[in-house]
Amino acid sequence: MESTFRRLWTLGPAAFVVKVIIAAIVADALLLGFILLRRMYRRRYFARRDRRVFEFRQKWEQLLSGDIPYDAWRLDNFDRQIVEDIVLDAFEAANPVESARLLGFMRKTGLIEKRIFEARHYRGWQRMAALVALGRTRAPEGISALAEGLRDKHQETRHAALRGLARTASPEAAGEILTWVGERGLQAPALLIQNALINCCREAPRMLLPYLEHADREVREMLARVLGEIPVNSIENALIALAEDDLPEMRAAAARALSNAGHGQAVEALAELAKDPVWFVRLRAVVALGKIYDARAIRPLLQALTDSNRLVRMRAAEGLVDRKSELASIFAEAVAAQDRYGLYAYFAALENAGLRKQLEAQLQEQAAGGDSNAANLLATLAAGELKAPPPAPLLSGPEQPLAPAPAAMAPK
Amino acid sequence: MIHFLDVANHTLFVYYFVCNLFYLTTLLIALKTSAAHQKRLKSFRLEWFKESPLVPPITVLAPAHNEERSIRVSVRNMLALDYAELEVIVINDGSVDSTLEQMIDEFKLEAVRAVYVPQVACAPVKALYRSAADPRLLVIDKESVGSKADAVNAGLNAATSPYVCVVDADSILEPDALLRIMVPVLNDPAQVIGVGGIVRVVNGSEIANGRLSRVRLPRKGFEVIQVVEYLRAFLIGREAWAQANMLTIISGAFGLFRTDLVRAVHGFRAEAIGEDFDLVARLHRYLLDREIPYRIQFVPDPVCWTEVPSDLKSLGRQRARWQKGLIDVLLKNRDMLFRRRYGRIGWIALPYMWVFELFAPVIEIGGIFTIVLAACLGVLNEKFCIEFLIYGYVFATMISIGSVLQEEVTYKRYNEWQDVLRLVSYCFFEHFPYRQLHMIWRLQGLWQFARGDLAWKPLKRQGLESAQSG
């Protein structure tokens, strides 16, 4: 029997071209036909859908209260999908009372059960859709099904499960995520896991501590960043201990978290971290000190104004400028430091915050009272640079090139 | 001679055939990828991601040179972008019109000293301004050296975010464009170092308050053909190449990069004609040389609307410039070809660019010439020739309609029936006579490059203000 290849060969190029032309013409016609038919179909579909959505919206209260029997809509796929979509959208903007009411409705109508079933038994995109819907409901009974989704072999499904758990914002979900991370390591982007844990650990940051102590380096760093983002009043001592960790990421996270921890010992720990040999730890500490309105934070911030890293100087200047009532005295200290880069950063922050005139007024007031130093400071402010040393270049300087910051550590 | 013509005509046929096969493959990959992307987005709800405190800041860099007709609309649009940690840096690149004055007036700019470290070389900066109305806006007024790349480098020096998004100052971004372009980064921040978004044609559409209020097709036929071209290039070409991590171009009109890496490769090359292609090529080289795993992605839903030339002369100039940019970058990176270190970039992506992009005008115009010559000498196989031309035309038209289909089944921005019909109709004109004209412009580009004529020739623009309706 003659092979297909041989037959094509013997037909010659002309016959082959004719066939390709015919195939291409048919393909063109099919594509065109498909576009037109699809447009017609979608037009009709959405018109019908809009009509039904409008009808449901008109009698939404009766629908929620059950005055309209659930079977009137839930046995029809099209209607059920519309109702579920409306409810899930309502969850996004609902207050706690309204959320509870919507959740009650979903439980009574069996929509939650249906989604839990789908999340457990379906695969691929269908499972993913079920997990997303479950997450949107924030239903506690969905947590175990979502946790099972974390172990799915498809990455997209795992991500959907993680996002769903994040949505529940419950310590129970945090427990599931931490167990999964403990078992399998980082099987999803760190940012996604961090985000989920930030949402879920707000009420119980303490549950992160055992993992922070015992997990491997990668997981510890990720968890440290989580800790840096949540209020941690109850674990201030643990954070201060973390500030002495060997890993710079951990120290940076401790610095970030300490800005939320209140004033107590935090300022002292942050002042120490502001002298850390690693630039992004210093940066985090300086940002945190800038947020703490405590007189003890001013000295380390002034010291950071002369830091070798420009981002640290910039953040220190922003933190100092933020203390509006003490602008003049802080400016005097900044000038006294005789660091032209530090002073430049201070001027930049001052101008960016639109506080130059306020500082000028404070200094003029002091000068009018006979303060000769205030007059000098006014002159420095007007000149925009220190008097004696070589002029600070406005747009250039032998800066140290920045080492790339890890994305999550980047200045905010 | 006859033998030569015969070989040339058959070579042209093989060339067309392989080229179209490439397009068909990319069309199929793009259709599959877009469908998966749509499903993936269902789990990636942008409002959740917006709430996250971990979303990295972005600096938008917008170089502007004589953009007085667009600047207010586009800067307003950039400041209205839906992104929590946003910084907008507009670089006034030696405009001789009222671009700077318009910004000073509209955004209450005040001269400031901001931290600016000239880490990447660029022309001298005259002044820095910050907006009193919106402190997220910083304007750099610099001297012009006639290079967009140089202007972007100035912005790069002032950027304070870990990611920079380069956009044209005559473009309009959709409100959620930055959120969407960050999706691949958030999914894999360690590896994704650059992301391209889709650029669409704004001509014909209506703009209100810095936002696109109604999407319509342009009125002129060759503007509509450019719409089809953009759809094919972005929705099919880039989507498919990115899928295989072989994306070599992120459009200069809308692209996101990791700031530290752009600085590491010394920013954009000021003398490059196609600075966007050049940067991506150098990023590939930098990372492959160091064996750093990375991905350069394309996302088809963050949309940037840009103005395309609305007269043939400007269009010809633009296409000639693109061709000059192409040859410039390909020559600069010719040592990457067929080297094991550069993997699929050196073995597939760059050879493709050489054969099917750079040589395309030479081969196609040369092919037409040999066909005509063969006909004149009476040695042309007429049947074969007619069949071949029809085949080339129909197949290429199928790819164009395929790109409209891709648009239709995924993003569907053109809602009016008339627009879709016009779009499909113009697919039939794209490959005759527009394609041949396009090839002549590209050939002119090659000729200009060979003569050393690398000067930037201005394009006539309508300006976004003219599309303002509300």
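1. B:Pro433 is found in helix α15 of chain B, which covers residues 417-451. In this predicted model, the peptide bond that joins B:Phe432 to B:Pro433 is cis, with omega at about 10 degrees. Most peptide bonds are trans. The reader may therefore wish to locate this bond before turning to the rest of the model.

2. Two residues deserve a remark on backbone geometry. Most residues other than glycine have a negative phi. A:Ala169, however, has a positive phi, near 50 degrees. A:Ala169 lies in the loop between α9 and α10 (171-184) of chain A. Is A:Ala169 buried or partly exposed? A:Ala169 is partly exposed, because 16 other C-beta atoms lie within 10 Å, and a residue counts as buried if 20 or more do.

3. In chain B, B:Asn66 has a positive phi of about 50 degrees and is not a glycine. The loop that holds B:Asn66 runs between β1 (58-64) and α3 (71-79) of chain B. With 19 other C-beta atoms within 10 Å, B:Asn66 is also classed as partly exposed.

4. Chain A has 23 helices and zero strands. Of its 412 residues, 38% count as buried. When contacts in chain A between residues at least 6 apart in sequence are considered, 65% join residues at least 24 apart.

5. The division of chain A gives domain 1 (53-100), domain 2 (110-230), domain 3 (231-298) and domain 4 (305-389). The C-alpha centres of domain 1 and domain 2 of chain A lie 27 Å apart. Between these two domains of chain A, four residues of domain 1 are in contact with five residues of domain 2. On the domain 1 side of this boundary, helix α4 (residues 77-93) of chain A gives the most, with three residues. By class, that side has two nonpolar, one polar and one charged residues.

6. How many residues of chain A are in contact with chain B? There are 53, and they meet 48 residues of chain B. Several helices of chain A give two or more residues to the side that touches chain B, among them α7 (124-137), α9 (155-168) and α21 (340-352). The largest share, 16 residues, comes from α1 of chain A. In terms of class, the side of chain A that touches chain B has 35 nonpolar, seven polar and eleven charged residues.

7. The largest nonpolar core has 240 residues. Those with the most contacts inside this core are A:Ile177, A:Leu270, B:Leu61 and B:Cys165. Helix α8 (residues 221-243) of chain B gives the most to the core, with twelve residues. Leaving aside residues up to four places away in sequence, B:Cys165 touches B:Ile58, B:Val60, B:Leu61, B:Leu178, B:Ile181 and B:Leu256.

8. Chain B also contains paired strands. Strand β3 (residues 109-111) and strand β4 (residues 125-131) of chain B run antiparallel and are joined by three bridges; within this pair, B:Leu109 has B:Ser131 as its bridge partner. Strand β4 of chain B also pairs with strand β5 (residues 137-142) of chain B, in the antiparallel sense and over five bridges. There, B:Arg130 of chain B has B:Leu138 as its bridge partner in β5. A hairpin of five residues joins β4 to β5 of chain B. In a regular strand the side chains alternate between the two faces of the sheet.

How values were computed:
Residues numbered from 1 in each chain as written. Chains lettered and ligands numbered in written order. Predicted model: local features only at pLDDT ≥ 70, side-chain atom pairs only at ≥ 80, totals over all residues. Pairing = 2+ DSSP bridges. Helix = DSSP H or I, 4+ residues; strand = E, 2+ residues; numbered from the N terminus. Core = buried A, V, L, I, M, F, W, Y, C linked by C-beta atoms within 7 Å. Buried ≥ 20, exposed ≤ 12 C-beta atoms within 10 Å, placed from the backbone. Contact = placed C-beta atoms within 7 Å. Nonpolar A, V, L, I, M, F, W, Y, C, P; charged D, E, K, R; others polar. Domains from an automatic or database assignment.
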